[in-house]
Amino acid sequence: MKSYFINRPNLERLIRSISKDYTVYAPVLHEGNRYYKKVEEDILGDIALDGTRAVETIKSFYFPARSRLTGYFLKDPSDKRRRPIAIIGAKSCDMASLKIMDYVFTQEPFGDPAYISQREDGLIISSDCTSYNNTCFCVALGIMPYPEDGFDINLSEIESGYISEIGSEKGERLVKEYAKLFQNSDLYIERRDLSRKKLKDELYRYVSSKNLPQADTLQERFRKSFNSSLWEETARTCVECGACNFICPACHCFILADQQGEQEFERLRLWDSCLLFSFAKVAGGANPRKFLYQRLRNRFDKKFNFFPDVLGRFGCTGCGRCIEACPGKIDIREVLSKLAG
Amino acid sequence: MIDNPYAPIKSEVIDIHEESPTIKTFVLKPEVPILFKAGQFVELTVPGIGEAPFTPSSSPYEEENLEITIMKAGRVTSKIHQLKKGDIVGIRGPYGNEYPLSDFEQKEILLVGGGVGLAPLRALFLALVHHIDRYKAITFCCGARTPADIIYKDCVLDKWQRIDKKINFRVTVDKKDDKWQGREGLVTTTLDNLKIDIKNSVAIVCGPPIMMKFTTFKLIEIGYKDTQIYLSMEKNMSCGIGKCGHCRLGNFYVCKDGPVFRYDKINTLHEIWD
């Protein structure tokens, strides 16, 4: 894929230009963490493209925690299209999660119109990780700490600027339109590859201390462990809060809820959690996952057994957010390391 | 812009039949005809309250109206039971797969239904009867808790029995009352001494999970192969389009890949009878 070099002042110019057509969000540092913030003139200088992933996932831009899907009985059910969104600085783990989201929400014959329009109209300028958190384990699942595809443009920080790798026609058009801002990148590619390798090696070393099984054995190990006591043991400290689901970039389950809107009834879509008691319960009262350990196991089933089968990839991207979020200190890496050999 | 799959179609309640103390059949007239195939389901919306999945119980060849037979079981169904003629509801669908009627041709068909599980089988039965010449015979086994709980009474105890000589009924109740002259016992007891050439038969089962479980085991005991048994699975189907995640069964979503499953496709999965 073609690459160019862009220095920081020019990148800020580019972002300023993009914001004429898009609502732009980019990570900004706050007390050591990164949060997506709507980009306005005064925060251009604060955009933090280095480091690791933001606290929140990017799924919420396309699949909000709470959104209005439709009013009732509308002849033309298309809601007003939202302004397209540009996301700057998405990391590799979150880019990987979009493959899960795309699979779920664009699947025929019933695509999700709001998701599809926001994804089609949107722009993503991702960026390499330059460090890792102590909860990161992407490489153990075969995901590199730098985005390999799915982006329009990817930025790799190098000296006083960034290598901009083009990943789509939309990205190419953008670079063409603002060609003056970009320079030749040949000088920098080798250095980028070296720093990518350095971080990757460091992360491999760190993750190997967690004794995670080889990625290609995980599904088989999960299947062998279905009736293991591991699930009951792990569920002992689970408080059934659903935090792991809500913070997960690849969890997509939702519940529909109807309510009286301002003028008419309306249907909402809310994020749901498979850890909650009633998740699979039917009206007659039957509940295939009555016990918490079954629901906890189901989370792993979905991520390490279902998605490998239907999509050929894990429903987990190794971002480690659930490890930080869990009040019961359940560490997904530890659970995976205890799967039957 | 693609159609919004979450938007229901406005439909009017044009008639209501009381089937049993807890079950009613609603005759609904959608603004735009909703064409379904036997086995598929729809999501029925009570305005402002919510929606729930049901398999229509009317003939798929009836295009204008749709009948849905509903047991009062939860939050939404309690509201549905309060509906009156003229009330407005919403319907979206149909979703999921249908009974593979072409695989049933020239076969002896065994239908086994328990309680409100008779609803999808009614749509199937009416579809079969529509082309009765294509099938060798139909044996319809129905079970209910008590005589009062039998739904479509006029039909299963009378009218449908007289349609064709190829059609046989076995109706049983778990517990009889003073007036009941028929069989007493669980629906599985109707499967004893079947006058069916099992090798050339398919069995279609619909009912509560426990009934489906024991009926399936009984069918296997009397000689049906897993490939000859079709089940209508009941899971929590919310979105109906394979997105919300609630009705996952192994690698399937019941709403999208079901609700009709041939037993050999799911017999090794966890959680099928729960």
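Author: In chain B, strand E3 (residues 41-46) pairs with E4(B) in the antiparallel sense over five bridges, where strands are DSSP runs of E with at least two residues, helices are runs of H or I with at least four, both numbered from the N terminus, and two strands pair if DSSP finds at least two bridges between them. Within this pairing, Val42(B) has Phe54(B) of E4(B) as its bridge partner. The model is predicted, so local features need pLDDT of at least 70 and side-chain atom pairs count only at pLDDT 80 or more, while totals for chains, interfaces and linings use all residues. Residues are numbered from 1 along each chain as its sequence is written, and chains are lettered from A and ligands numbered from 1 in the order in which they are written.

The two strands belong to an open sheet of six, with antiparallel pairing and the order E4-E3-E6-E1-E2-E5 in chain B. Strand E4 (50-54) and strand E5 (66-71) of chain B stand at the edges, and because each has a single partner strand, one side of each is left without a neighbour in the sheet.

Chain B as a whole holds seven helices and 15 strands. Of its 274 residues, 51% count as buried, that is, with 20 or more other C-beta atoms, placed from the backbone, within 10 Å of their own. Along its principal axes, the C-alpha trace of chain B spans about 55 × 45 × 35 Å.

Notes:
A residue is buried if 20 or more other C-beta atoms lie within 10 Å of its own, exposed if 12 or fewer, and partly exposed in between; C-beta atoms are placed from the backbone.
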